[in-house]
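Reader: Hi, I'm new to this one. Could you put it up on screen and walk me through it?

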Amino acid sequence: MKIQCLIVDDEPPARELLASYIEKMDDLEITGQCGNALEAFAFIQKYPVHILFLDIQMPRMNGLELIKSLQERPRIILTTAYREFAVEGFELDVLDYLVKPVTFERFLKSISKYHQYNVLKQPAVVDTKEEAFEKAYMYFKVNKELVKIFLNEIIYIESIKDYVKIITPAKSVITYQRIGYMEEKLPEKKFVRIHKSYIVSVDKIVSYNNEEVNVQSFSLPIGRNYKQQFLRVLST
């Protein structure tokens, strides 16, 4: 099922720009466009919305007031020309904050955040935890594209300054991300950090000793500060 997107902005050019970006993405679909917050409130009560692209400065009811009025909220990406609303927006647990004019590259970063937040937060209704993990994936921004990687295919992740390299049997990708963020987002029973520069898949570990871990055909060092954590994960 495609991700349903609602665009709410009182300026038609702003709506058209976001719509053009959404139409470029295979997994996104525009479920509606609204010119004001009251119209959006009524729309959300009737139709499914997964991502709400919401302008702040609108007549009668602004975007922040709309957020406060919703009992059940979709993931919200604020779009505005005014940076001063950022703090209040994040206090309302918005996913991201786009400053106009929105570039396609910045739009992609917001969609990547949606995937990274949403995929691992969904409860498994029918699947077992193992089956859910087999289906879990994340999107990573590589150049100007979002690349889909299934978590069960990851062998290890390597930190390269402000970037990480993700190694799978079929390919490796380099994306702008901190390894600490990856450690926080990945399932802790499936991945373990063994070094300041490496996270490995627990299922891919073939052998280990006091100094290194062998994951499939790769030998990676164990950092002194990570040894106890590594052994604790393997013992659970």
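Reader: Which residues are linked in a network of salt bridges?

Author: The network is made of D9, E11, D55 and K100. A salt bridge here is a side-chain nitrogen of Lys or Arg within 4 Å of a carboxyl oxygen of Asp or Glu. Before going on: this is a predicted model, where local features need pLDDT of at least 70 and side-chain atom pairs count only at pLDDT 80 or more, while totals for chains, interfaces and linings use all residues. Residues are numbered from 1 along each chain as its sequence is written, and side-chain values use heavy atoms, with hydrogens and water left out.

Reader: OK, how far apart are the N and O atoms in the D9 and K100 salt bridge?

Author: The D9 and K100 side chains meet at 2.7 Å, N to O. D9 sits in the loop between β1 (3-8) and α1, and K100 in the loop between β5 (96-99) and α5, so this pair ties together parts that are 91 residues apart in sequence. Helices (H or I, at least four residues) and strands (E, at least two) are DSSP runs, numbered from the N terminus.

Reader: What feature does UniProt place at D55?

Author: The UniProt record, an unreviewed entry, has "modified residue: 4-aspartylphosphate" at D55. UniProt positions are given in the numbering used here, feature names are shortened, and annotations may be inferred rather than shown by experiment.

Reader: How many salt bridges does a search of the whole structure find?

Author: The search turns up 11. One of the others to look at is D162 with R178, where the closest N and O atoms are 2.9 Å apart. This pair links distant parts of the chain: D162 is in the loop between β8 (156-160) and β9 (163-167), R178 is in the loop between β10 and α7, and they are 16 residues apart. D162 is partly exposed, at 30% relative accessibility.

Reader: What about K190 and D203, what distance do you get there?

Author: Their side chains meet in a salt bridge at 3.2 Å, N to O. K190 is in the loop between α7 and β11 (191-195) and D203 in the loop between β12 (198-201) and β13 (205-208), a link between distant parts of the chain, 13 residues apart. K190 is buried at 14% relative accessible area, whereas D203 is partly exposed at 46%.

Reader: New topic: what volume does the second largest pocket have?

Author: About 560 Å³. Of the 22 residues lining this pocket, K109, K113, Q116, Q177 and Y181 are the closest to its centre. The largest share of the lining, 7 residues, comes from α5. On a 1 Å grid over the protein atoms alone, a pocket is an open set of points where a 1.4 Å probe fits, with protein on both sides within 12 Å along at least five of seven lines; lining residues have an atom within 4 Å of a point. Grid points are joined across faces, edges and corners, and a volume is the space filled by probe spheres set on the points.

Reader: Last one: how many helices and strands are there in the protein?

Author: It has 8 helices and 15 strands. Of its 236 residues, 49% are buried.

How values were computed:
Buried means under 20% relative accessible area, exposed over 50%, partly exposed in between (1.4 Å probe, protein chains only).
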